[in-house]
Amino acid sequence: MPKLLAKQHWDLREFTVNLPRHKGLMPTRPRSSRQASAPAAAPSARLRLATIADLDALVALENASFGGDQLSHRRLQHWITATNSVLLVAVASATLLGSALVLTRADSPAARLYSIAISKSARGQGLGSKLLRKAESLARAKGSTSMRLEVATSNTVAISLYQKLGYTVFGRKRAYYDDGQDALRMQKPL
Ligand SMILES: CC(C)(COP(=O)(O)OP(=O)(O)OC[C@H]1O[C@@H](n2cnc3c(N)ncnc32)[C@H](O)[C@@H]1OP(=O)(O)O)[C@@H](O)C(=O)NCCC(=O)NCCS
């Protein structure tokens, strides 16, 4: 059983993410064809734990990123303060560019990536990868030995992100989403 650490024991230091302009891996699609409008903000985004002051921006990001199954204001407020969650945000120039929510359970060594989203204008610049890697390291610090997640079968961009970071498919949940889509279950050892 993983030993859960109190929230104040986690590494709460903010840090700057220096995103490489060119990464060694072959992109799934040429970057020129991707959606991001490449704001200068994304490369210098800081990752930190979310606070109550981020709530409105988190709700707006959720609503802009997902057509259904969004996290409500109330649920986000809960996860910011809960002891069994890690809610990370990426911020640049006081603008919230992304978030990742990981849930842990005292009776399970597997953490769960519950949500990850990057603002449309900041996508395709490596921020999702950085956020997920940091979420993984914080889950590991809390005692989790693996990360699990669900992703819609049609969400090829997210599936590509997860595969790139080492996640593999281990199952499927039928009609898991509001729109009736199946979810792939993916996992990665931490
Ligand atoms: C999925 C998401 C978080 C990715 O964030 P991101 O910051 O754009 O991702 P990155 O720039 O770190 O890209 C990581 C990998 O994802 C894949 N990817 C990213 N954008 C892509 C695109 N437009 N087309 C195809 N693959 C893409 C690639 O494998 C990429 O690796 P590469 O750059 O080496 O080719 C973002 O697209 C998003 O917020 N989507 C809406 C919300 C969502 O679907 N969340 C996941 C729910 S399960």
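Helices (H or I, at least four residues) and strands (E, at least two) are taken as DSSP runs, numbered from the N terminus. On this basis the protein comprises four helices and eight strands. Along the sequence these elements follow the pattern β-β-α-α-β-β-β-α-β-α-β-β.

The model is predicted: local features need pLDDT of at least 70, side-chain atom pairs count only at pLDDT 80 or more, and totals for chains, interfaces and linings use all residues. Residues are numbered from 1 along each chain as its sequence is written.

A residue is buried if 20 or more other C-beta atoms lie within 10 Å of its own, exposed if 12 or fewer, and partly exposed in between, with C-beta atoms placed from the backbone. Of the 190 residues of the protein, 29% are buried. Contacts were also counted. Two residues are in contact if their C-beta atoms, placed from the backbone, lie within 7 Å. Among contacts between residues at least 6 apart in sequence, 67% join residues at least 24 apart.

A nonpolar core is a set of buried Ala, Val, Leu, Ile, Met, Phe, Trp, Tyr and Cys residues joined through C-beta atoms within 7 Å. The largest such core holds 39 residues. L88, L97, A100, V102, L127, L131 and A135 have the most contacts inside it. Two or more residues each come from helix 1 (55–65), helix 2 (73–81), strand 3 (85–92), strand 4 (95–105), strand 5 (108–118), helix 3 (127–141), strand 6 (146–152) and strand 8 (183–189). L88 contacts L47, L49, A50, S99, A100, L131, K134 and A135, leaving aside neighbours within four places in sequence.

Helix 1 and helix 2 pack with their axes 10 Å apart, at an angle of about 125 degrees. Helix 1 is therefore oblique to helix 2. Axes are lines fitted to C-alpha atoms, for helices over the stretch in contact, and angles run from 0 to 180 degrees between N-to-C directions. Angles under 35 degrees count as roughly parallel, over 145 as roughly antiparallel, 65 to 115 as roughly perpendicular and the rest as oblique. In this pair, L55, L58 and V59 of helix 1 meet H73, L76 and Q77 of helix 2. The residues of this contact divide into four nonpolar, two polar and no charged. Here Ala, Val, Leu, Ile, Met, Phe, Trp, Tyr, Cys and Pro count as nonpolar, Asp, Glu, Lys and Arg as charged, and the others, Gly among them, as polar.

The loop between helix 1 and helix 2 contains F66. F66 counts as partly exposed because it has 15 C-beta neighbours inside 10 Å. F66 and A117 are 51 residues apart along the chain, yet their C-alpha atoms are separated by 8.6 Å.

R172 lies in strand 7 (residues 168–173). With 12 other C-beta atoms within 10 Å, R172 is exposed. It touches D182, A183, L184 and R185, not counting residues up to four places away in sequence. The C-alpha atoms of R172 and A183, 11 residues apart along the chain, are separated by 5.6 Å.

Backbone torsions were also examined. Most residues other than glycine have a negative phi. S93, not a glycine, has a positive phi of about 50 degrees. S93 is in the loop between strand 3 and strand 4, and is exposed, with 11 C-beta neighbours inside 10 Å. A175, also not a glycine, has a positive phi of about 45 degrees. A175 sits in the loop between strand 7 and strand 8. It counts as exposed because it has 10 C-beta neighbours inside 10 Å.
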